[in-house]
Amino acid sequence: YVSSQNNIKWGEPNKPSTNLIYYFPSDDKNLYSVHFDILSNSKQKKNQKFEINRYTDLNLVSSTTQELRSELEFAFFDGIFKLGEKLLICITETHGFNMVTFIQEVSTDLSPIGKKIEIAKNPISMAQDVKMEMNQIAISKNKKFLAFVSFKNQSEELNSSGRFVILDSNLEVFHEDDFDLDLKSKNIAKSNLFLGNNGQLVFVSLEFGHHEKIGFKTFYNYKNIHFNSWNQSDFNHFTFNVENKRIDDISVLSNDANEITILGSFGVSNDHGTKGIKIIKVDINKNETLLEKDYHFTREFIFNGLSNVDKTILEKKEAKGSPPMLFNYILNDVELLPDGSLICTMEQINLVSSTTYCENLITLKLNPNCEADWLLNNRKVQFYTEEGGEFSSYYQFLRDGKVYQIFNDNPKNYNENGSFNEDGNIKATRLGKEGNIIAVIEIDINTGDYVRKEFLKQSSNNSIILARNSKYISEFNQLYLYAKEGKLQRFGLVKFQ
């Protein structure tokens, strides 16, 4: 267990041009942060620019700003990422009446290497019932393949046709083709893209039967989950009936045996609460369904980890004939273990007026048969009224047979030794530096035994760590931290022993 304040190394603060979109470390010394903005010039208000900053040993060493070409007012920065050992930038621009997507290899200092490669070119239809192309990028977990998919977006819902190209780590075309998933329905609300370690491309699409709009939110009742996998020759198609469930937070995972696992939390239309998790396992080599199961949340699940006060309230409602109240959960993290077991982590989210509450963390281990090995409910209270909620939510990573969850918390929830007060009332996380620490929950994957402690005090400088913006890099066994100091930002590093 690592909690020594002396293990943190901090870089110098710097002022970016605008808000951080994301950052990623490319090796054990260099990381890149991406910032995005819209020019204020009224004649160029649709032109966009992005800024990429390079840090070496946590300190800013260079900054590159590029404006996107935007003849027809559409231009996109699709991302900066690594494929194999290559550092790549992907940009989609309008050229004439076409949307053209390029990939450019760059050096560590972001200088171009060779010529940019055109990977997609799609005409822009000016018909009133057709919107612009929708692009998605997927990278395989082993970073050996990249897929770029252009969906045609027709009417109000995402259509099921387009074109894809898959590149290998040498930027050679592994396969490219037009596709039509032939879903025979225009009621496709979502399509999730996944790329496996062998270059297998998977689309998971949700087809809804009807939907209700209440206030500003639309509640979908889904009819089917459509699963299409391409494996070097053609698409295999599976359809799973979901019995008018409301499916949220779809995740797609794979092991090296070409077994695909699909998960999503489910409820019923606009009924309050999340009722369980839908799990589907498919073997795309044998073209068969291995498992389809609904894991329902039980009374034990609802009561697990509640304070005594909350338990008393729910028990009184039960005595009057009311069923236990289900909460709303977001399925944020799903980890597929080598034996086929799953670690699922959900966060309880409540919206009261204009305030969003990020509360209890639910962590569940499902064995290969999708039966629960253990379940934990850890209480926390975070809330925000501004957009984004920078000090809310959490970050999770796996290391040495354990699950780690770190989050901003109130120091009054911990005793003088840094241990969590199990029987105390939960104090909400405060935004000020004095009322804010970084806490950690460390869970043994095999047993579900856990420890919750103070992990890091806020730094001795004037910045405040935003726990949810952390990143753990397993190959270097180190955790990157992101902190803000007014309009300044800085990066930190924790090296595990």
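Analyst: Ground rules come first. This is a predicted model, where local features need pLDDT of at least 70, side-chain atom pairs count only at pLDDT 80 or more, and totals for chains, interfaces and linings use all residues. Residues are numbered from 1 along each chain as its sequence is written, and side-chain values use heavy atoms, with hydrogens and water left out.

User: Which strands form the open sheet, and in what order?

Analyst: The order is S26-S27-S28-S29, with antiparallel pairing. Strands are DSSP runs of E, at least two residues, numbered from the N terminus. Two strands pair if DSSP finds at least two bridges between them.

User: Which strands stand at the edges?

Analyst: S26 (395-399) and S29 do. Each has a single partner strand, so one side of each is left without a neighbour in the sheet. The twist averages 25 degrees from one strand to the next (axes are lines fitted to C-alpha atoms; angles run from 0 to 180 degrees between N-to-C directions).

User: How many bridges join S28 to S29?

Analyst: Seven, between residues 437-444 and residues 450-457. Ile 438 sits opposite Leu 456, and Val 440 opposite Lys 453. The hairpin has five residues between the strands, and Gly 448 takes a positive phi near 85 degrees.

User: Switching to Asn 408. Where does it lie, and is it buried or exposed?

Analyst: Asn 408 lies in strand S27 (residues 402-409). Asn 408 counts as buried because its relative accessibility is 1%. Buried means under 20% relative accessible area, exposed over 50%, partly exposed in between, using a 1.4 Å probe and protein chains only.

User: What lies 2.9 Å from a polar atom of its side chain?

Analyst: The backbone oxygen of Ile 465. Contacts (heavy atoms within 4.5 Å) of Asn 408, leaving aside neighbours within four places in sequence, include Phe 391, Thr 429, Ile 438 and Leu 466.

User: New topic, S18. How many of its residues are buried?

Analyst: Nine of the nine, residues 259-267, so S18 is largely enclosed by the rest of the structure. Glu 259, Thr 261, Leu 263, Ser 265 and Gly 267 point one way; Ile 260, Ile 262, Gly 264 and Phe 266 point the other way.

User: Which strands does S18 pair with?

Analyst: S18 pairs antiparallel with S17 (residues 235-254) over seven bridges. Arg 246 has Gly 267 as its bridge partner. S18 also pairs antiparallel with S19 (residues 276-283), over eight bridges. There, Ile 262 stands opposite Ile 280.

User: What about the turn between S17 and S18?

Analyst: Four residues separate the two strands of that hairpin, and Asn 258 in the turn has a positive phi of about 65 degrees.

Technical notes:
A polar contact is a pair of N or O atoms within 3.5 Å; within protein, one must be able to donate a hydrogen and the other to accept it, and residues adjacent in sequence count only if both atoms are side-chain atoms.
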